[in-house]
Amino acid sequence: MNGSVFPARAAGQGIVACGVPRATARLQFHAGFPFEAAAAQVGYFRDLGISHLYASPITRARPGSMHGYDTVDYGCVSPELGGEEGLRRLVARLREHGLGLIVDIVPNHMGVGKENAWWWSVLKLGRASPYAEFFDIDWEPADLALCGKVLAPFLGEQYGQVLAAGQLSVRLDEETGEPVIAYFDARFPIAPDCAAEIAAQPPEAYDATRPEGRARLHALLERQHYRLAWWRTAAEEINWRRFFEVSDLIGVRVEREDTREAIHALPFRLYAEGLIDGVRVDHIDGLADPEAYCRYLRENLAALDGGRPAGCPRDVPYIVVEKILASDEPLPASWRVQGTTGYDFMNDVGALLHHPEGEARLTAQWEAVSGEARGFRALVLDVRRRLVAQSFAGECDALVRILHRIARTDLATRDWGAPAIRRVLTELLVHFPVYRTYVGGETPLAADEVAMGIACKGARQVLRRADHGLLELLAQWLGQAPDAPATPALRAWRREALRRFQQLTAPLAAKSVEDTGFYRYGRLLSRNEVGSDPGVFSLDAEGFHRKVLARAARFPDAMLATATHDHKRGEDARARLAVLSEFGDEWLRLVGAWMRRHEALKAREGPRPAPADEYMLYQTLFGAWPLDLAIADEAGIAALAERVGEWQTKSLREAKLRSSWVTPADEYEQACDAFLRAVLDPRRNGRSLLELSAFVARAGAAGALNGLAQTLLRLSTPGVPDLYQGTEFWDFSLVDPDNRRPVDYGRRRAALASDADCASLVANWREGHIKFELIRRALALRQRDPDLFRRGDYLPLAAHGDARDAVLAFARRHEDRFAVAIVPLHASALVLASGPSPVPHVPPGAWGDTSIDLSGLVRDGALRNVLDGRSCAVAGGTVRVADALAAFPVALMHA
């Protein structure tokens with residue numbers, strides 16, 4: 001162990017006392033932001049109140065990766081990030097300042113390419129490769145031409161065209177000198193038994209621009225352990241599991257002991273040496289057996305605790321999983337993890353900000369504009385059906401073949417043919433209500449049976465009666481573990497069918513909801529967020545308390561997130577959009593006027609933006625409009641146009657209605673881009689831009705109050721609050737790459753030195769320092785009394801009086817200590833009472849006699865609001881909201 005990682009502790013500096021973080025800061029590492037750059041900001045994060053950095057994947061990824069989820073070497077810390085020495089220097093800096101490190105691990109998939117030695121070996125040696133079983137490859141697919149081979153769908157055109165164009169050639173590898181197949185910058189290995197043949201030929205022998213060379217090159221390619229193919233063949237012919245439908249990310253069989261050990265040797269060593277303190281597991285639902293995997297992680301990390309160096313935690317290793325939970329779907333307790341990475345909280349707090357009274361108006365507006373009267377659930381059913389038939393056809397066919405094989409083993413079921421199985425399986429997949437089941441794991445889950453029942457009910461309504469018997473049969477095979485009387489072969493097939501089904505429903509759910517439905521359904525885009533159901537418009541205070549209490553009871557150390565590297569919109573953009581549930585009438589008038597007026601901005605000939613796309617564009621402009629942007633600022637307008645233009649292109653392609661990633665509709669995309677730029681041109685559309693900026697100034701203040709409320713809830717409810725990079729100030733980002741822009745840490749360090757009073761923070765709210773101070777001051781209280789927030793009870797508090805429906809309050813109590821949080825809720829009308837230039841603060845007089853009942857905590861005395869430093873009187877067991885929120889928009893008070 002390199003002792004420099006744990007230097008002597010300086011005066012006033014602490015060590016990481018607990019494996020469970022107090023608060024994390026998520027950082028996205030890449031070549032432009034390596035470990036060295038993070039090390040320079042460690043002092044800033046310590047002073048802000050962060051206990052652990054939370055890193056994106058640190059293993060070696062494909063060159064130039066901006067995210068790290070395309071791992072090519074599990075055993076190596078990424079050289080682009082600084083390598084293991086760079087990691088050690090970062091950790092030494094963290095330990096000096098008393099911070100820990102959580103890292104993201106990616107056990108489900110790897111990036112393909114020459115840099116991946118496992119993948120290269122498989123392509124070169126086929127089934128003889130020592131890594132042939134590491135990947136989830138079907139070596140005996142239905143297509144006899146692929147038996148013993150791997151489909152390599154990486155050609156830009158059909159194979160014959162690429163070959164005839166001379167784009168494939170035999171070359172010597174620049175690094176090894178070995179002969180390889182070259183396709184532009186891509187390289188593919190050549191089987192060893194072909195080496196002598198190649199050596200005996202002159203260089204021009206495989207020149208595909210000549211007929212004889214083309215024939216010889218084709219014959220050589222036919223002898224390889226892979227088949228090069230057009231990229232579009234992947235959806236229907238792929239014989240290996242991908243990450244979702246991404247054909248350059250291959251599924252890894254982490255359920256195999258040898259594969260699992262190879263993947264985890266590095267993180268286990270880093271944990272044993274005290275370089276990391278816990279892990280975040282990416283896409284847990286992609287694994288064959290999440291429960292067994294989590295148990296493996298827990299047991300192996302815990303076994304290493306005793307040998308970790310002094311100065312790092314030696315208690316329970318911190319493990320959280322990336323998991324999308326459906327409404328009221330529980331995270332299995334048998335997994336023995338601390339919880340999820342926080343998408344469930346992001347959904348709960350986001351829904352809380354939406355006023356239920358706005359649902360009907362906004363629904364009617366969306367239906368009128370889009371012509372789409374179906375709800376989100378019905379829309380997604382159609383998307384799923386299309387994806388099963390197209391994007392996941394290969395995976396579905398593989399599952400059908402196994403089910404058909406199972407059916408043939410029994411005289412009672414042998415007459416069910418593959419077409420019937422596919423027809424019924426399709427409806428089962430289409431109606432499946434959650435990401436996946438966990439049937440076959442050690443611990444039976446009642447939720448699995450419920451999910452299968454819901455899927456069967458939906459499928460039964462669509463299928464003809466003659467198929468209902470087959471539906472019940474498939475539900476049994478795919479919803480129950482194989483029983484003991486079955487033959488070993490039948491049990492193996494049943495287990496294989498179950499695994500394939502579970503590893504198909506998860507990506508199907510993600511692609512149909514998050515990566516398609518979210519871009520088709522535009523009732524209110526603030527509800528179209530990872531982990532959320534756009535069909536569920538709002539959540540009342542009682543429902544929010546119930547969700548928090550359930551999480552506190554089962555997973556008190558789960559992460560709480562409101563922004564991530566995968567979010568569709570920044571946390572404050574969503575908070576601003578949520579106020580449209582309260583400003584519905586004004587918003588609908590504005591949009592109606594814009595849609596009529598902007599007809600003149602559309603091209604007279606050729607494609608024109610569809611009304612649904614236009615409506616979602618207006619929401620995006622409202623949510624992303626910078627608070628300091630004036631319409632006369634040409635550079636600022638141009639920058640906004642570029643950001644929104646990137647979002648619009650991605651939105652159109654993800655929706656798969658008028659364009660797509662597979663077949664981009666250039667003319668339509670260009671028409672939409674031209675329309676966007678015309679809308680944002682002050683010379684052509686100054687009136688609308690003035691209306692938009694004025695509306696942002698007014699409604700934006702209420703949106704900022706929503707953002708502050710959301711931030712305080714994340715920092716004070718049970719769980720580990722996570723701060724996504726850069727969101728200390730207002731976050732009006734859009735989907736990636738916009739949400740992964742460089743962070744100005746100089747500005748943030750300067751903010752630590754500022755000492756603005758509350759009046760100044762409120763008056764200058766557009767600068768974002770008010771949010772920064774809320775975060776810093778709340779984290780300071782968590783740091784002073786960590787047990788209060790980690791172990792303290794969560795106590796919902798009742799509000800009484802004139803504006804009782806516009807406030808939410810709760811207490812955290814541990815032993816004889818407590819803290820009280822108070823936030824405005826659906827308070828846009830009260831914010832507007834602050835004057836013609838609203839600020840995100842409800843004037844004290846607007847609260848009237850509204851009070852919070854503290855009788856279960858204290859009868860008389862005073863509480864200090866750590867956010868504004870003022871004392872607030874408690875009399876007769878109540879505190880007046882006007883007093884608690886007199887100087888600052890939200891309150892966090894303690895005795």
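**Briefing: helix ends, a strand pair and aromatic contacts**

At the start of helix α4, a side-chain oxygen of Asn116 comes to within 3.1 Å of the backbone nitrogen of Trp118. This is a predicted model, in which local features need pLDDT of at least 70 and side-chain atom pairs count only at pLDDT 80 or more, while totals for chains, interfaces and linings use all residues. Residues are numbered from 1 along each chain as its sequence is written, and side-chain values use heavy atoms, with hydrogens and water left out.

**Helix α4**

- Helix α4 covers residues 117-125, and its residues Trp118, Trp119, Trp120, Ser121, Val122 and Leu123 are buried (buried means under 20% relative accessible area, exposed over 50% and partly exposed in between, with a 1.4 Å probe and protein chains only).
- Helices (H or I, at least four residues) and strands (E, at least two) are DSSP runs, numbered from the N terminus.
- Just after α4, Gly126 takes a positive phi of about 65°.

**Strands β7 and β11**

- Strand β7, which holds residues 150-155, is mostly covered, since five of its six residues are buried.
- Four bridges join β7 to strand β11 (residues 226-230), and the two strands run parallel; strands pair if DSSP finds at least two bridges between them.
- Within this pairing, Leu155 stands opposite Trp230 in β11.

**A buried aspartate**

- Asp785 lies in the loop between α28 (769-784) and α29 (786-791), and Asp785 counts as buried because its relative accessible area is 14%.
- The side chains of Asp785 and Arg817 are joined by a polar contact of 2.7 Å (a pair of N or O atoms within 3.5 Å; within protein, one must be able to donate a hydrogen and the other to accept it, and residues adjacent in sequence count only if both atoms are side-chain atoms).

**Aromatic rings**

- A search of the whole structure finds 35 aromatic pairs (rings of Phe, Tyr and Trp, the last by its six-membered ring, pair if their centres lie within 6.5 Å; planes under 30 degrees apart count as stacked, over 60 as edge-to-face and the rest as tilted).
- The rings of Trp587 and Trp594 have centres 6.0 Å apart and planes at 85°, so this pair is edge-to-face.
- Trp587 also forms a stacked pair with Phe695, with 6.1 Å from centre to centre and 25° between the planes.
- This pair links distant parts of the chain, as Trp587 in helix α21 (residues 584-597) and Phe695 in helix α25 (residues 682-716) are 108 residues apart.
- Both Trp587 and Phe695 are buried.
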